[in-house]
Amino acid sequence: MRPLIAGNWKMHGTGPQLPEIAAIAARVRVTAPTADILICPPSTLITRAVQAAAGQIAIGGQNCASEVSGAFTGDVSAEMLKEAGAAWVIVGHSERRQHHGETDAMVGAKAKAVWRAGLLAIICIGETDAQRRAGNALTVCADQIAGSVPDGITAVGNAIGYEPLWAIGTGHTPSLEEIGHMHSHIRQCLVARWGSQGREVRILYGGSVNPTNARAVLAVPEVGGALVGGASLKATDFEAIINKIPAHV
Ligand code: PEP
């Protein structure tokens, strides 16, 4: 399975940051990594980011509405992101679940909207620190898969992003053993529901991935790539992560 290295710029970036995307694209053209490379900038930058990417890397959105259009002030549909040039959309990021009250059902509806528009989805799941300390991390993630991952996930290319909330933007990551344990658990959940097709879904690890830990994290069995926040904002850091993709992934 081809790994996916995805950058989530969150609410960072205006025009002056576009050269970072151009620099990543130029590097990818030279090194031709054996992975899909994606940057998800703010939606205001998508069209210009596609130009900067020059066909070398994919550009995606960070969220979408579940409806196609309508009286939903401030929302952007998957169809609109597609028209702007997005190939992917992240849905269910923990910051949307936490700060915008997105439930599993809402995330599932958004994932379906992504597929309705003909785009690929990264559906995010992950436990809080309190849930992990209480010994509930596996159950929480299984419940999130059951509630927010619809049947279309097995179409070629889609991904689950496992992002423990306590690892996002903190510099703390689970141990490699913990990452491996959770990723095999997620794989088991996917296979239990979708049989052998569940093996085709990429499971990304996200949470403080950086150039120093990327090689070890990407080598963990069942880690099919990374979802990278802070370290995707600078081309040099993101390229360094791309360079750590192990041959066997
Ligand atoms: C993220 O927000 O998806 C993320 C993984 O952030 P960071 O890499 O900064 O922890």
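**Ligand site and pockets**

In this predicted model, a polar side-chain atom of glutamate 163 is placed 2.7 Å from an oxygen atom of the ligand. The backbone also takes part in such pairs: a backbone N or O atom of glycine 169 lies 2.6 Å from a ligand oxygen atom, and a polar backbone atom of glycine 229 is 2.8 Å from an oxygen atom of the ligand. On its own the ligand has 290 Å² of accessible area, of which the protein covers 95%.

The ligand is surrounded by 14 residues, and Lys10, Glu163, Gly169, Ser208 and Gly229 are the closest. Sorted by class, this shell consists of 8 polar, 4 nonpolar and 2 charged residues.

The largest pocket contains about 730 Å³ of space. Its lining is made up of 27 residues, and those closest to the centre are Gln62, Asn63, Cys64, Arg96 and His100. Two helices, α4 (94–99) and α5 (104–116), each contribute at least two residues to this lining. By class, the lining of the largest pocket holds 11 polar, 10 nonpolar and 6 charged residues.

Methods. Residues are numbered from 1 along each chain as its sequence is written. This is a predicted model: local features need pLDDT of at least 70, side-chain atom pairs count only at pLDDT 80 or more; totals for chains, interfaces and linings use all residues. Side-chain values use heavy atoms; hydrogens and water are left out. A residue is near a molecule or strand if one of its heavy atoms lies within 4 Å of it. A polar contact is a pair of N or O atoms within 3.5 Å; within protein, one must be able to donate a hydrogen and the other to accept it, and residues adjacent in sequence count only if both atoms are side-chain atoms. Accessible areas come from the Shrake-Rupley method with a 1.4 Å probe; for residues, only the protein chains shown count as cover. Ala, Val, Leu, Ile, Met, Phe, Trp, Tyr, Cys and Pro count as nonpolar, Asp, Glu, Lys and Arg as charged, and the others, Gly among them, as polar. On a 1 Å grid over the protein atoms alone, a cavity is a set of points where a 1.4 Å probe fits but cannot get out, and a pocket is an open set with protein on both sides within 12 Å along at least five of seven lines; lining residues have an atom within 4 Å of a point. Grid points are joined across faces, edges and corners, and a volume is the space filled by probe spheres set on the points. Helices (H or I, at least four residues) and strands (E, at least two) are DSSP runs, numbered from the N terminus.
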